[in-house]
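Here are my notes on the model, point by point. Please read them with the structure open.

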Amino acid sequence: MKIIKIEFSNINNLKGGPHIIRFNEAPLKAAGIFAITGPTGSGKSTILDVITLALFNRIPRFKKAISKGEIQGLGSVLTHHTNEASALIEYEVKGNRYISKWSVSKTRKGALKDYEMSLQYADGEYLNLKKSEVPAKNEEFIGLKYDQFVKSIILSQGEFAKFLKADKNERGQLLENITGTTIYRKIGAKAFEKFKEVKESVAQKMEMLGNITVLTDEERTEIEAEISQAEKGKKEADAAIKKLATLKQVKTKLAEIKAAIIVEQEKAASLKLQFEAFQPELDKLALHEKLSPVQADLRSYQEALNRVEASGGKLEQYEKELQLSKGQLQTVMQKMADLTRVDVTPDNFKTVMSAFETEVNHMDRDLENIMARGKEQRGNIATRQQDYAFKIGDKAKPKEAIAQLEKQAQEFLVVMAAAGVNETSDIAEYRNQLKKSQEGYILLDKVKAVFLDLDKESKKIASERAAFKNFAAQLEKDEPLFAKSKVLIKELEEKEKLLLKQKEAAIKIAKLEELRAGLVSGEACPLCGSLEHPYSKHNPEDEQSSIEKSIQENKERLARENKALEVLNKKITENETAIKLTRSNIAALENSLEEKTSNRDALLKQYQGEEQLTLETVDGISQKLSGEYERLEKAIHAMEQVKPNKELTEAYRKLAATLSEYTLLKTKRKEKFAGANVSTICNQYQDEFTKIETHQATTTKAIELGKTDLRQANNLVKDFSGKLLPRLGALGFETIDEISRHFLMESAIIVIKNKKEELNRQKTSNETKLNALQKEQAEQTALDVAPELTLDVLNTDFAQKEKSRDELMEKIGGKQTELKRDNQDRKQRKDKEQEIEALNKSLDKWSLLNRMIGDKTGNKFANFTQGLTMQNLLVFTNRRLRNLSDRYLLDKPSGDGDLKVIDLYQGNIERAVSTLSGGETFLISLALALSLSDMASKNVSLDSLFIDEGFGTLDRDTLDVAMNTLERLQSENQKTAGVISHVEALKERIEVQIKLQKDAQGYSIIKVE
């Protein structure tokens, strides 16, 4: 990855922008190494923040991703008193260029919006990504996760110096965080969990296997024999049941036939009775057929009578409708008279209605025109209110608005009078005064901030000096104790050597114990020949035990003293380091104090007031100036609002006149007509009037036609009656009414004929069925081989046989179920055994893996991988360290202690890293950081590198070594390296610099030189 350009605005104290740094243009393009310089707090590290912010929405100094909550809570990232910030980076990977952007802004009301991110190709084409997906896509393109990127490209020496001096547990955690090897801890814990899970599964399966029981071979043979015996008995029972079933079927069939014959005989008797009851209906049908020749004439006669009746009814209905329509006509004319307040007749109805409708419609059009004029005036008021600072309200009544505006006009006059201005004053001149007043107020704020900062800095210096004094006093107190402790330890070590010699002598004497035990008084000693043995009763065990006890006590005391010496040494080292750090802090604070004093003096020169500015007086002067500023600002605002106030007042007066005109006309219209639409009701009354007139004409004509039709119908009745009476006499009937009742309806004729056919069909069917049943009865009687047995006896015997067979079948089913269940149990047992066998194979693997790397916390594998990582890291670090110093090699501890350095200048003696000076610690930290960069990036090509912190602890010679190493790194790998520092010697050594300079307000500007 190669960084081409960064561009940003309003990030931390780098206000404004856009600030642009182009690494592919002169002078940075030709510089292998460049410096990022500036005073403390000028924003040097902010340049690195811009890189990670634009790529990942992260900043190394914050643990979380950047959100509006983080920005508000921490008060960082977005420059104070600004409304938006942005960060952009253009980078190149494998010949492809990408531009990643980050931004945040505030709403009009000052609320912070959520951040935005985007990613595009260098040609401007955007990738279709959500803002939350941009960091992951950058990681994919670069080939590094965020943590790897920070540890590969942005190297913070403080983190690695902390790593050097950490204990085993803290060092392990730091190593995991720096190298991203936390995954191995998770793998170790997961291996333990998997082993435990498989082990529990095996135990569960074994428990389940123990719950599965199977039959023995003898038990299965016995069950199979019982099944065979039962099946034989079932076969015999089936044959007997079959024979009984056949006989039972014959007897059942005979009983059914007998019952069916009885039913058919009963049906025959019932049909005979039905024929007898139906005879009167048949007689009616015969009479109807006899009279059928005169039926046509009779029907014509009847139709003529019906026509007379219908014509008379219609004529009566038309006369009623004519009377009703006359009443309706009077009603609608009365409605029109009530509406128009004019007498209405059929002749003047339409004329009166038209005049009334025209008058009301003219009023409605006038009301609409007045309303349109009012809306236009409302719109004019709304437009003018946009230029007026005091809102009246969209729905305010003109009278209320005029009163409010007049009151505000009076308030404007009061405000202007308080500031000594009027409507004719030159507003531009007063604006200029206001601007000068504002500049003075801002200057006083800056002066106050500088005063407070100087006071705070002075207190810090006093605190650091007091701390320096305490550290020096403690060091002066601890150094004699350290020397005294070393002397005591040397004495204890000499004493231990003496006691060890005494122990060796006692052991030699103890070896003669057996010989002494065999000495006899008066007999010669086999070694010396003496006849006296005064020491034969001496017991060397007591002496040896006493010496060992002394040795143990001396060792324990020596261990205590060594531990105390180690604690004291660590304490002295810490105090020495603290003294150096405090001295450095005091120097930095004094430099900062001098710089801030200079800033204060520059600001005081800009002050043009008469009163003397001090920390005590600045608030009072500021408040006084603030009051003058506020009065003048209000007066200018009032001057600006006088004209809009007058224009609005006049507009509301016009609106009031329009509303009054509208109210008067609306009242007059309501008195004339209170409805919504006059045309609608006039059209309704006219439609009713026209409809009634038309209906009256139609009804009158219908009455005339009805009278004619009635006369014609009466003539037809007379004609048909004269033709029909002579024929009826020949048939034996005297009147037309007498013969009419003997004619049947067509539907009645159909019913009688259908019923006659149905009775005949039922009779034929009954005779056929009865003959067939009698024939079948004879056939079944011939098949009955045991006529002496009744059906009840057969049913009893059949039920007993079925019961015996069912019992056998139940027994067979039960035994077969036992065998089937046993087969299933055998299969289930075999399956469980196979599962257990497979689980045991898996358990062997996980057990081995658990023994190798697994434990509940994951520490075992994490410690192992940390050891390998540490070993690789030390190899890489020592390679880098050779280029920085030929004196030291970094070595891992033999146990759980601190990291060691091998001092090649002092016979390869091992030393704790805590004994190194600040410059030596920096060199080893730099080598460690560069090595971690190599390891974290692996196969990813990184052409840009930034190193932050640490150069301030180096002397000139060591600084030269560090710079030579960076120059060699750049020439070997063609990496562009940026060094962040405020060390003057470093600035002199590096020609190309990105300089950050603070202005009087505490903000910084960027220059590339």
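**Surface patch and strand pairing**

1. Ile183, Tyr184 and Ile187 make a nonpolar surface patch of about 240 Å². The model is predicted. Tyr184 sits in helix α7, which spans residues 182-210. The relative accessible area of Tyr184 is 31%. Patch residues need over 30%.

2. Now strand β3, residues 33-37. Here 5 of the 5 residues are buried, so β3 is largely enclosed by the rest of the structure. Side chains in a regular strand alternate between the two faces of the sheet. In β3, Ile33, Ala35 and Thr37 point one way. Phe34 and Ile36 point the other way. Residues on both sides are buried.

3. Which strands pair with β3? One is β12 (residues 976-980), parallel to β3 over 4 bridges. Another is β13 (residues 993-998), also parallel, joined to β3 by 3 bridges. Ala35 has a bridge partner in each: Val979 in β12 and Gln993 in β13.

4. A separate item is the open sheet of 3 strands, ordered β8-β9-β10, with antiparallel pairing. Its edge strands are β8 (888-891) and β10 (909-912), each pairing on one side only. From one strand to the next, the twist averages 35°.

5. Within that sheet, look at β8 and β9. Strand β9 covers residues 900-903 and runs antiparallel to β8, with 4 bridges between them. Leu889 has Ile902 as its bridge partner in β9. Strands of a sheet pair through backbone hydrogen bonds, either parallel or antiparallel.

Note on methods
Residues are numbered from 1 along each chain as its sequence is written. This is a predicted model: local features need pLDDT of at least 70, side-chain atom pairs count only at pLDDT 80 or more; totals for chains, interfaces and linings use all residues. Side-chain values use heavy atoms; hydrogens and water are left out. Patches are made of residues with over 30% relative accessible area and no salt bridge: like charges are joined within 9 Å, nonpolar side chains (Val, Leu, Ile, Met, Phe, Trp, Tyr) within 5 Å. Accessible areas come from the Shrake-Rupley method with a 1.4 Å probe; for residues, only the protein chains shown count as cover. A salt bridge is a side-chain nitrogen of Lys or Arg within 4 Å of a carboxyl oxygen of Asp or Glu. Helices (H or I, at least four residues) and strands (E, at least two) are DSSP runs, numbered from the N terminus. Buried means under 20% relative accessible area, exposed over 50%, partly exposed in between (1.4 Å probe, protein chains only). Two strands pair if DSSP finds at least two bridges between them. Axes are lines fitted to C-alpha atoms, for helices over the stretch in contact, and angles run from 0 to 180 degrees between N-to-C directions.
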